[in-house]
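Hi,

Here's the structure I promised you.

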There are 2 protein chains.
Amino acid sequence: MSKTILLGHGSGGKLTGNLIKKTFIRYFSNPVLEALTDSAIINVGDTLLAFTTDSYVVDPVFFPGGDIGKLAVNGTVNDLAVSGAEPMFISASFIIEEGLQISDLEVITKSMRDESDKAGVKIVTGDTKVVKKGQCDKIFINTSGIGILDKKHENISTGKYIEPGDKIIINGHIGDHAIAVMGARENLKFETKIESDCAPLNHLIKAFLNSGSDIKFMRDITRGGLATIVSEIVENRKFGVSINEAAVPVRESVKGMCEIFGYDPLFLANEGKVLIVVSDISAEKVMEIMKTHEYGKDAALIGEITTGNAGKAILRSIVGGSRIIDKLTGEQLPRIC
Amino acid sequence: MSKTILLGHGSGGKLTGNLIKKTFIRYFSNPVLEALTDSAIINVGDTLLAFTTDSYVVDPVFFPGGDIGKLAVNGTVNDLAVSGAEPMFISASFIIEEGLQISDLEVITKSMRDESDKAGVKIVTGDTKVVKKGQCDKIFINTSGIGILDKKHENISTGKYIEPGDKIIINGHIGDHAIAVMGARENLKFETKIESDCAPLNHLIKAFLNSGSDIKFMRDITRGGLATIVSEIVENRKFGVSINEAAVPVRESVKGMCEIFGYDPLFLANEGKVLIVVSDISAEKVMEIMKTHEYGKDAALIGEITTGNAGKAILRSIVGGSRIIDKLTGEQLPRIC
């Protein structure tokens, strides 16, 4: 293990997982944290809450389809929503580099307002720190969020209900966010405009959660990409997962950029995508609901939970072969969110 | 108004107040945020909660009496406690510069664990981002916190109960934290060791809140110092406040440093100090409780709410004169917390 922090420790993949286990869990040790869900599930009085936090360091601050403010609100809204909670309240804490244009801060603040309005959450508390020029890069934003969780959804983020035969659905194309940010960072011109998929998914999620469908598990597909999540859901479990590569929606433009830069779309970060594990019997219904929704119209059934290959995630490739999907190692694109 | 962000926008004084009003309140506008209390007071189900956030960027990361981890836990615990709430759950979000020694991260993480144990709170959720060398300075930590608030304390952070005749009490010496951090930053050698006062105040606060004393208002004295808080409590109110300079506890060593560097102790940041406004009849009892407590043994009654000088904070100086105390303008010591 490295003695210093590497970029990969922030990738959301293997190194991040090691750091969490070997440092944070080791000291902070408690059952809520050890569940390693995106949101902590906590009892406060008679109410079950989801509580989550994320810091955003995306570079550049403005990119096609969004900015750091939009990201900061939607990231936290989505972390709450995938835990089955109704997002309610958000905090906003800013670390700003001396010299940032106040007009830029206003654009970012307005984005946060617009997205919180869309999601139906309130920004209720905040903090501002300013550091000297060169001590941070423009602006970093932390948002933490609180949502109310219905007791019947208490275990949806733990994966404990997943079983063989369940289907895997995602709500649209993967990789748009990572490629949009990378393009903006490197000042690339794309033939087809690629925009971040950054969006609040809570209304979409509520629609299928309230439909009586048998939802087993949800997680938003952010850092680490689809590959990392499917690897995580089978880790130390008695079942495997099989993903049908041909069914995974990836835009031609994103595929093209991946070929040029040597990226695998399965590892790319997203900011408006959710992976759902749903019982076979409910899969069709969830797909129908998805298709009627702005953020779900390109949804796809991409795979299933298998009895065989326990603990493994297998990709059945377009050309007919199959390979094991692993978590992201190292870091492809630092500061993607 | 400046078109760019200045260091003073993070001072906790006048410029911070302007930025909050002109940018954040303008866009995020809602009654909870507009209360401008340290913690938001929110209703979740049948439970009243306090919810707060703070980002910590202190430089250096390690200083006499503490480190950024200790600060991050206690700062958020204290923000919850002064709102009258019982601190319960904390989030921890790290922005780390590539190359940080993992052994340093472990010391910081262990501090966070130790302080959260002392305070009786649990760290239940977190996030880790890593940025390239030079894109932040070692480590920034955000903590957000949730506490349960008894309905009878709902207005303790708003100041609405303050009235002429009330007494002002603080729980000990001011300025230790700022001078300890500045000393470590500038690598100064002090004749007498000056240590940060960083401490969790929730048990102390609970002791006098539960004593039946008539507590009108509390706030922790952090950025902006004592001067900024006493200015804020009388702002646009029909009463004034009078502070007796001779009664304000300042260590000789801190006074000495202030004389050398031209600081006014009243503006210095603290991390273990609370200002309490209490009815005349309860002042003695609160002082007695304070004196029995580790973090209150040097408590002092430093002033009172006055009918005259409405809207003004007056300092009656040791030499007999008096002057108006205003909020901190500009920034004396950036990255103090």
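**The A/B interface**

Between chain B and chain A there are 29 residue pairs in polar contact, both residues at pLDDT 80 or more. A polar contact here is a pair of N or O atoms within 3.5 Å, where within protein one must be able to donate a hydrogen and the other to accept it, and residues adjacent in sequence count only if both atoms are side-chain atoms. On the chain B side, β6(B) gives the largest share of what touches chain A, with 10 residues (strands are DSSP E runs of at least two residues, helices H or I runs of at least four, numbered from the N terminus).

Quick note on provenance: this is a predicted model, with local features needing pLDDT of at least 70, side-chain atom pairs counting only at pLDDT 80 or more, and totals for chains, interfaces and linings using all residues. Residues are numbered from 1 along each chain as written, chains are lettered from A and ligands numbered from 1 in the order written, and side-chain values use heavy atoms, without hydrogens and water.

Each chain puts 80 residues into the contact (heavy atoms within 4.5 Å). The rule also finds six salt bridges across the interface, meaning a side-chain nitrogen of Lys or Arg within 4 Å of a carboxyl oxygen of Asp or Glu. Asp54(B) and Lys129(A) form a salt bridge, at 3.5 Å from N to O.

As for symmetry, a 180° rotation with 0.0 Å of shift along its axis puts chain B on chain A with an RMSD of 0.0 Å (least squares on C-alpha atoms of residues with pLDDT of at least 70 in both copies). That is a two-fold axis relation.

Cheers
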